[in-house]
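This report covers the aromatic contacts and the domain arrangement of one protein model. The sequence and structure come before the text.

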Amino acid sequence: MFTKPNRDVDRVFLHCSASDNPSHDNVATMRQWHKARGWSDVGYHLFIRKSGQLEAGRPLEKTPAAQRGNNRGTIAICLHGLDEEKFTEAQFDTLRSLCVQINNAYKGDLTFHGHREVAAKACPVFDYKAVLKLDRFGRLGLTGAAVQDLVDTDTRVPDDMPVLRRGCRGPAVALLQKQLLLKDDGIFGPRTEDTVRDFQSAHGLARDGVVGAMTWKKILDNDHIEHFDE
Ligand SMILES: [Zn+2]
């Protein structure tokens with residue numbers, strides 16, 4: 001859940017990492033890059049992986065180092081990616097949820113922008129105005145009803161995990177996929193469903209392909225999950 005920092009904020013800036021390399025898909029790599037420039041920490045506050053997983057970067061209480069000349073009073077969010085076609089719906093789902101939370105925390109009294117609005121850069125390369133339904137002033141056109149809850153996948157309490165089924169997207173799906181040794185693209189498709197059914201059979205659960213508290217418990221209890229090859 002997003003918590004307002006004590007400093008004043010009136011703008012949120014969006015960035016892309018300018019890489020599609022999976023080994024760069026984490027805030028630790030961004031931190032390394034930025035420290036190599038002599039900065040104290042990663043320049044962004046929040047980082048969104050291709051799986052939709054949200055990672056914390058620079059503490060929100062600190063001014064970012066992300067938009068030269070336009071850092072004060074801002075929050076900086078970076079999505080991993082370079083090729084516009086390769087950003088994922090899971091990333092956009094997380095971005096929308098996050099921005100709705102930020103917007104609500106400020107009662108709508110802030111605006112959302114791309115880095116490219118204040119720099120001669122292409123960053124971010126995706127159509128953030130469409131993703132966030134921004135108006136011409138940069139005000140968010142989304143309401144809470146349009147987005148999923150952001151799940152804290154670090155706590156891993158089975159009863160707190162959302163019920164997942166085919167068609168679900170987002171960080172909880174990516175966590176599920178990681179536990180099942182699947183590609184963690186954050187999209188619950190047929191392959192994820194088949195693997196869930198096999199996992200359920202192997203653990204004496206109803207083979208319904210729906211991940212509820214019972215299935216989550218088995219999945220989260222297992223440190224080593226067998227790989228199912230049919
Ligand atoms: Zn940028």
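## Buried phenylalanines

In this predicted model, Phe 92 and Phe 126 are both buried. Phe 87 is buried as well, like Phe 92.

## Aromatic pairs

A pair of aromatic rings is described by the distance of the centres and the angle of the planes. The structure holds four aromatic pairs. One of them joins Phe 87 and Phe 92: the ring centres are 6.3 Å apart and the planes stand at 15°, so the pair counts as stacked, the cut-off for stacking being planes under 30 degrees apart.

Phe 92 also pairs with Phe 126, at 5.3 Å centre to centre and with 45° between the planes, and this pair is tilted.

A charged side chain is found at one of the rings: Lys 50 lies over the face of Phe 87, at 5.4 Å from the ring centre.

## Leu 54 in strand S3

Leu 54 lies in strand S3, which spans residues 54-56. How far is Leu 54 from Leu 95 in space, C-alpha to C-alpha? The distance between Leu 54 and Leu 95 is 8.7 Å, although the two are 41 residues apart in sequence.

Leu 54 has a relative accessibility of 30% and therefore counts as partly exposed, since that class lies between the buried limit of 20% and the exposed limit of 50%.

## Domains and their interface

The domain assignment divides the protein into domain 1 (11-146) and domain 2 (158-221). The centres of domain 1 and domain 2, taken over C-alpha atoms, are separated by 28 Å. Eight residues from domain 1 and eight residues from domain 2 take part in the contact.

The size of an interface is often given as the accessible area lost when the parts come together. Between domain 1 and domain 2 the buried area is about 530 Å², and carbon and sulfur atoms give 54% of it. On the domain 1 side, Ser 51, Ala 90 and Asp 93 lose the most area to domain 2, together 55% of what that side buries.

Key:
Residues are numbered from 1 along each chain as its sequence is written. This is a predicted model: local features need pLDDT of at least 70, side-chain atom pairs count only at pLDDT 80 or more; totals for chains, interfaces and linings use all residues. Side-chain values use heavy atoms; hydrogens and water are left out. Rings of Phe, Tyr and Trp (its six-membered ring) pair if their centres lie within 6.5 Å; planes under 30 degrees apart count as stacked, over 60 as edge-to-face and the rest as tilted. Buried means under 20% relative accessible area, exposed over 50%, partly exposed in between (1.4 Å probe, protein chains only). A charge sits over a ring if NZ of Lys or CZ of Arg is within 6 Å of the ring centre and within 35 degrees of the ring normal. Domain bounds come from an automatic or database domain assignment. Contact means heavy atoms within 4.5 Å. Buried area is the accessible area (1.4 Å probe) that two parts lose on being put together, summed over both. Helices (H or I, at least four residues) and strands (E, at least two) are DSSP runs, numbered from the N terminus.
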